[in-house]
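Please read the following points alongside the sequence and the model.

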Amino acid sequence: MTRRSSRAEVRNPVLGLPAARLIQAMPADTRALLSVLLLDLAAEACHRSRSSWERRKVFVAAYWATVAVYAGHIARVLGGTRQRSASRKPFRIEQKGYAELAAANWAEASNLYCERRDRSGLGASMYPEALLLIADTPVGRISYNGRIWLPGDWEPGTEPLYDNRSPAGH
């Protein structure tokens with residue numbers, strides 16, 4: 001008999017919900033995309049929780065800690081791992097005329113693109129943007145300056161998904 005503390009639905013209560021079975025039945029590419037995004041959300045929420053705690057904003061810290069826990073639980077229902085290992089690189093960088101690259105996160109994708117850009121010696125009018133994918137789903141495009149935007153055309157007032165000018169990427 002399995003000890004209660006060893007059962008998956010005790011460690012991750014989301015597994016006990018009927019919708020969890022439906023989530024697990026989704027196509028693998030969709031689950032992979034959502035898992036990566038939820039793990040990213042969990043990491044950011046954890047960072048915000050710690051930051052709020054340091055500023056003595058206890059209720060805000062508790063909120064972000066809860067967001068982090070449930071985002072992680074749902075990511076694991078989708079098939080994500082607790083921690084992204086250093087070798088796991090779910091982001092793919094596709095760029096015309098260049099080999100595909102793999103990245104572990106937004107920052108690494110931006111850095112790889114910028115390193116390649118710098119080695120090429122090409123200016124903004126000659127160096128192509130890159131498409132950023134998770135599984136086969138486009139999640140962003142990397143512009144010449146290394147910022148990552150939503151896929152599609154840029155519009156005035158649009159904020160980048162990842163901004164390589166700031167230490168946190170926001």
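1. In this predicted model, Glu94 counts as partly exposed because its relative accessibility is 31%, a value that falls between the 20% limit for buried residues and the 50% limit for exposed ones. The side chain of Glu94 meets that of Arg92 in a salt bridge, with N and O 2.7 Å apart.

2. Arg92 also forms a salt bridge with Asp136, at 3.2 Å from N to O. Since Arg92 belongs to strand β1 whereas Asp136 sits in the loop between β3 and β4, this pair ties together parts of the chain that are 44 residues apart in sequence. Asp136 itself, with a relative accessibility of 53%, counts as exposed.

3. Another salt bridge joins Asp163 to Arg147, whose closest N and O atoms are 3.2 Å apart. Asp163 lies in the segment after β5 (148–149) and Arg147 in the loop between β4 and β5, so that parts 16 residues apart in sequence are tied together by the pair. Both Asp163 and Arg147 are buried.

4. Through shared partners, salt bridges join Arg92, Glu94, Glu100 and Asp136 into one network, and the structure as a whole holds 9 salt bridges. As background, side chains of opposite charge can pair when their charged atoms come close.

5. Just after α3, Arg56 takes a positive phi of about 65°.

6. Which residues of α3 are buried? They are Leu33, Ser35, Val36, Leu38, Leu39, Ala42, Ala45, Ser49 and Ser52. The elements that cover these buried residues include α4 (58–77) together with β1 (91–94), β3 (130–134) and β4 (137–142).

7. Helix α4, with 20 residues, reaches 29 Å from its first C-alpha to its last, which is close to the 28 Å expected at 1.5 Å a residue. Just after α4, Gly79 takes a positive phi of about 110°.

8. The buried residues of α4 are Ala61, Ala68, Ala71, Gly72, His73, Ala75 and Val77. Their cover includes α3, as well as α1 (8–11) and α2 (18–24), while α4 in turn is among the elements that cover the buried residues of α3.

How values were computed: Residues are numbered from 1 along each chain as its sequence is written. This is a predicted model: local features need pLDDT of at least 70, side-chain atom pairs count only at pLDDT 80 or more; totals for chains, interfaces and linings use all residues. Side-chain values use heavy atoms; hydrogens and water are left out. Buried means under 20% relative accessible area, exposed over 50%, partly exposed in between (1.4 Å probe, protein chains only). Helices (H or I, at least four residues) and strands (E, at least two) are DSSP runs, numbered from the N terminus. Contact means heavy atoms within 4.5 Å. A salt bridge is a side-chain nitrogen of Lys or Arg within 4 Å of a carboxyl oxygen of Asp or Glu. The expected span of a helix is 1.5 Å times one less than its number of residues.
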